[in-house]
Amino acid sequence: MDLDFGPEEDAFRAEARQWLAAHVPAAPLPSLETREGFAAHREWERTLHADRWSVVSWPEEHGGRAASVLEWLIFEEEYFAAGAPGRVSQNGINLLAPTLFEHGTAEQRARVLPPMASGERIWAQAWSEPEAGSDLASLRSTATRVAGGWLLGGLKTWSSRAAFADLAFGLFRSHPDADRPHRGLTYVMFPLDAEGVTVRPIGRLDGKPAFAELSLERVFVPDEDVIGEPGQGWRVAMSTAGNERGLTLRSPGRFTAAAERLVTLWRESADTGVPALRDRVADAAIGARAYQLFTYANASRLAAGGAIGAESSLNKVFWSELDIALHECALDLLGPLGELADRAEDAPAHGGWADGYTFSLAGPIYAGTNEIQRDIIAERLLGLPKGRRS
Amino acid sequence: MRFLLDDEQSEFGRTLDRMLSAADTPSAVRAWAAGEHGPGRAVLGRLAEAGVFALAVPEAHGGLGPLPVELAVSFVEVGRHAVPGPLVETVAAAALFGRLARAGEAADAAKEWLPRLADGRAAVSLVLPGHGPYALDADAADAVFAVTAADELRRCPTYGPVQPSLDPARRLARPLPAGEPVASGAAVRAAAEHAADWAAFATAAQALGTGLALLERTVAYVKERTQFGVAIGSFQAVKHRLADTLLGLEFARPLVFGAAVALASGSPGAGAEIAAAKVAAGEAAYAAARSALQSHGAIGYTAELDLSLWIGKARALRSAWGTPAECRARALDLFH
């Protein structure tokens, strides 16, 4: 048992660090949750891609470096430590791409992945509906069979950055007569500028217009844009759901970098003699280290040929609550300045804690609410009986 | 990097688990609490035979160590089976004498005690500066040692009256140092700090095991116990509480083994890693005790049910060898 990196991993880290030092913009980009910021972040994706840093874990033929899980973790540690911009392509890279690698055709991979890697085409997700959130399998949007493809209809909502994105992927009810709600769903990809798609931006808690509602009326999707077998969409989507909850959505680098900044903030600008604050800073640091070591253990298990299943629900609850605790603590350390939005004139000293705080509040909700994750932990990891969700 | 137990280490844990399951530790714990140490010492003897204490003793002195990863594996099982006695203190004494011997101090005492600690002939208690005033199970130990605030290591032939603990199986007494110091000075201070790290580390592993046992027993109970016509484990209020209990334990586990790796490599950051593990494992075990009691209801509040043996221990281990506040202060050095 060890925590040592090999010479190749050290070299990979050094290369990543050097590249980031030379390329990360000195001034933070405008928020990626705005139209202006979205465009700036798309440009950053292009920069990453030009030197093959946008999708390090993908095979080289699709623009990646075939990096191991451990190398990916190293890249992420360096990425967040360098204060590099948020990833506007994250929905495509973290959610759609793993699905295509597992269930897509070679043609789909060749067509979809390169422009995803370069930021030329940015993807939004279309899962939730007004009446289908945690109970996603009850979704009502339809896919109706027509010659050569499907016609989509219905309403998708709470779709992050869909107001600015190019395409979307989601589940639609294609076989309404199936015996169970989660059977009879089909996984499709569609352009957001297709005929019949109406995108209505929705302001979020932070006031940014980055949510959107997608109204779909007879939107034609050719057969080549269906992933997996029609009617098997639930299985296709769930086989990679662990990616979103667990390892690949929120890497420990994000939290170790934030914990480092938090400890610095505490040492430099807070009253270090107040035990109540000191204990919370310590808990955030301990949590970040725990998440990092937990992930190293998972990466080691994967490298040894093991698999991660329902354990990804442990990750999801842990990082989402850690993220909030870290940011709440920072705002409390900032005292009266903690109330300032990051765009306030007096706020530069903030270091982006306010935006980070608002962002963190969504963590326990998206990627499967923490209530659903706790059900999964209790039923699949502890073996407790299924019950009504009440 | 391979941050995973190897097959041999995992098998060592399973062997200890089987051995302790067969040893009827709950009866030994109850006897220990009543001052009858025989059955408990027999369990300690079997752990020694399996090599557990030798893991903390250097090879030059009849041990196998130091092997902190294997020691963590052992102490998780010690906690899971609620083994009574001054086990952590024996490990810490081994670290103390081992470090003194390496510094060329207290050679006679090291030669006298280390081989006996390794093979189980002796179990000892220990008090270190900042971790007093009580020696655990002084009445069951073969010797009690104390390092004083003046950096003197003394053997304590006598001790005060036994003070009951919230864990009936932990018997606390104030040692009364007497006689000539075994060693003194800066080397003793450094060895005492090293020993305190090992004590906190072993306690963290023991707490993790304690929490795991509490959760295992509670999961089994809520599957069996029915109310309103269904197993209470099907209620979301119960499920979510136990899910949180598992979360606490599963994120404490990598910190415990991370501390083991840091100790094994002699990393200067080991103190912060140990402190982090101690906070996380202590809090997780304590939360497991609270969840276990609440999920069992009134029967959990009885001394008859063996669950009580772990509930009291979880509370005691939270403060033993480093309070949560002290450990949090040290854990701040994880990031700097």
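1. Start inside chain A, where domain 1 and domain 3 bury about 870 Å² between them, with carbon and sulfur atoms giving 75% of that area. Keep in mind that this is a predicted model. On the domain 1 side, the touching residues split into six nonpolar, no polar and three charged.

2. Who touches whom here? Nine residues of domain 1 of chain A are in contact with 13 residues of domain 3, and the C-alpha centres of these two domains sit 20 Å apart.

3. For bearings, the domain assignment of chain A puts domain 1 at 7-88, domain 2 at 123-233 and domain 3 at 241-381.

4. Now have a look at where the chains meet. Chain B and chain A bury about 4,100 Å² between them, and carbon and sulfur atoms give 71% of it. In terms of contacts, 42 residues of chain B meet 50 residues of chain A.

5. There are charged links here too: the rule finds five salt bridges between chain B and chain A. One to look up joins the side chains of A:Asp283 and B:Arg328, at 2.7 Å from N to O.

6. Twelve residue pairs are in polar contact across the chain B and chain A interface. On the chain B side, the elements giving two or more residues are α7 (186-224), α8 (236-264), α9 (270-296) and α11 (324-331). α8(B) gives the most, with 15 residues. That side of chain B divides into 27 nonpolar, seven polar and eight charged residues.

Definitions and conventions
Residues are numbered from 1 along each chain as its sequence is written. Chains are lettered from A and ligands numbered from 1 in the order in which they are written. This is a predicted model: local features need pLDDT of at least 70, side-chain atom pairs count only at pLDDT 80 or more; totals for chains, interfaces and linings use all residues. Side-chain values use heavy atoms; hydrogens and water are left out. Contact means heavy atoms within 4.5 Å. Buried area is the accessible area (1.4 Å probe) that two parts lose on being put together, summed over both. A salt bridge is a side-chain nitrogen of Lys or Arg within 4 Å of a carboxyl oxygen of Asp or Glu. A polar contact is a pair of N or O atoms within 3.5 Å; within protein, one must be able to donate a hydrogen and the other to accept it, and residues adjacent in sequence count only if both atoms are side-chain atoms. Helices (H or I, at least four residues) and strands (E, at least two) are DSSP runs, numbered from the N terminus. Ala, Val, Leu, Ile, Met, Phe, Trp, Tyr, Cys and Pro count as nonpolar, Asp, Glu, Lys and Arg as charged, and the others, Gly among them, as polar. Domain bounds come from an automatic or database domain assignment.
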